[in-house]
Each structure stands twice: as structure tokens, then as C-alpha cells.
Amino acid sequence: MRCLALAFVPILAAGCSGGDKPVWQEYITLPHYVWAYYDGPLTVDFRRLCVCISEPGEFSDTKVCSAEGVGGENLDEFLRLAEANGDTDYNKPMRNLMSRHTCFARTIREVHVVSNFDYDDAHPAGTSLDDIVCIWIESFAPFIRSGYRFDYPSDEYGTVPELHRSVRMLSEPQTDIGLVMASEVFSFGFTALPEAHNRKYSFTFTFVMADGATQTVTAMGVPSTPGWLRDYLRDRS
């Protein structure tokens, strides 16, 4: 399961200076903000209520491309994607251990969810759950398209460019769903729970890509309403 480990970045020596905060010994400068793209089978993880790309490995179909200087895997494909996304003029020092500068290689245009069992009175087996499923997505596209001019909120070890975050119901129009240059993990939650909400149900997730290709994932899990979704529903009320 992927919340991306930095498999393609050499681990740099780190020390401590007057406390527990690490002091990174090196920085790199790249023309690209996103240094790796991932493409392959999607996995639905009900333990964390998220969708991510399957872990690459010997028996995995996951494809990876990365920038020169951080592995340079499938470099021609990486440069093609960087050019297509307008991500060619970052040219700022970047700490080597930045884990979040990675994203889906393809644009996900639509997401749909169907219950494979009777969910509640309004959603018998085979019914779309788009009206009660919400997703949280984070995209690099607005930051890059702005000319890398977003504010930089501080974190405890330095500064990290802010991702564009948005939350929406799947029943809302999805032509601009925002999964363009999306972080390689995005979250989902249920706005309504069945009476037996502590049991596992079977769901089918369908992902429609911008090129028309689809990926379908069937997963079993316990539906729940995560904190970010409760906040979203409260703010909308």
C-alpha cells in the first residue's frame, strides 16, 4: 500500500543541532516541482479510507518515472509529463527527503461508487452511492500553473508549498474533479451510514481517466464518516 516512500531518493546524512530537529546536510535544485509520477492499478484501502496506487514491486504493474537527480527512471516519459503539465521552471532548492512531490501520471476524470449489497432503504444492491460518498483531493496543478507563487506555510523542518485541497460529493459535476496532477493518495468518506454500520460491505469503485480508460476496484470495508468530512458537512449546513 502506498503513502509514498522515497524509494528513488538517496538518503542523506542528518544530524541534530541543539535538540531533536534534524539538520539536513544537502539540498537539490530541480527544474520540476513534481519529481515522480506513478501509474498503475489503483487500490482502495478501507482502513485509511483512501485510494492509492498499488505498491510497485516484482509482481506489480505499477509504472514509475522520475526526474534526473532523484533516480531518473523512465526519464523520457517523466520529461514528457513535466512538459505537458507545465512543470519545468521550479528551479528552487528542494530538500531531498520531500515525500509529497509525487502524483498520479494520468488525470482521473470521474469517480463512481456502487454498493454490491443492500446498503440502506435508498440504496439497494447495485445502486450508485455517488450521492453519499465524498472525496478529499489534493492537486499540484494550481500551484504550478500560478508560476509557483502560492504562499509557503511553514512546517517543523522548513517550508512546503501548499497543495490545492478540495472536497466534493461524487454526485456533483465531475468534469473539473480536480484530479489533475493529484497527489498519489486521495481520501473518501460516507455522509450516510447504514443501520449496521459496524459491518463490512462490498463496494465497486470505478475510475474514469481523461483518455477514456477505466479502472474498476471491488473492495470490502466498513463505511464511516471521517473527521474532515464531518467538518465539511458542518460548514455546508
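This is a predicted model: local features need pLDDT of at least 70, side-chain atom pairs count only at pLDDT 80 or more; totals for chains, interfaces and linings use all residues.
Contact here means heavy atoms within 4.5 Å. Helices (H or I, at least four residues) and strands (E, at least two) are DSSP runs, numbered from the N terminus.

Residues are numbered from 1 along each chain as its sequence is written, and side-chain values use heavy atoms, with hydrogens and water left out.

In α3, Trp-228, Leu-229 and Tyr-232 are buried, that is, under 20% relative accessible area, where exposed is over 50% and partly exposed is in between, with a 1.4 Å probe and protein chains only. Seen down the helix axis, the buried residues of α3 fall within an arc of 95°, so they line one face. The arc is taken from the directions from the helix axis to the C-beta atoms. What do these buried residues pack against? They pack against β11 (133-139), β14 (164-169) and β15.

Next, the nonpolar core, defined as a set of buried Ala, Val, Leu, Ile, Met, Phe, Trp, Tyr and Cys residues joined through side-chain atoms within 4.5 Å. The largest one has 53 residues, and those touching the most other members include Leu-42, Val-44, Phe-186 and Phe-188. Strand β16, residues 201-209, gives the largest share of this core, 5 residues. Another core, of 5 residues, lies apart from it, and among its members are Met-169, Trp-228, Leu-229 and Tyr-232.

Leaving aside neighbours within four places in sequence, Phe-188 has contacts that include Val-44, Phe-46, Ile-135, Phe-205 and Trp-228.

Now the rings. The structure holds 21 aromatic pairs; rings of Phe, Tyr and Trp (its six-membered ring) pair if their centres lie within 6.5 Å, with planes under 30 degrees apart counted as stacked, over 60 as edge-to-face and the rest as tilted. Tyr-37 and Phe-78 have ring centres 5.7 Å apart and planes at 55°, so this pair is tilted. Tyr-37 sits in strand β4 (residues 36-39) and Phe-78 in helix α1 (residues 75-84), 41 residues apart. Both Tyr-37 and Phe-78 are buried.

Phe-190 and Phe-203 have centres 5.2 Å apart and planes at 45°, so they are tilted too. Phe-190 is in strand β15 (residues 185-190) and Phe-203 in β16, 13 residues apart. Phe-190 is at 0% relative accessibility, and Phe-203 is also at 0%.

One aromatic cluster includes Phe-46, Phe-188, Phe-190, Tyr-201 and Phe-203.
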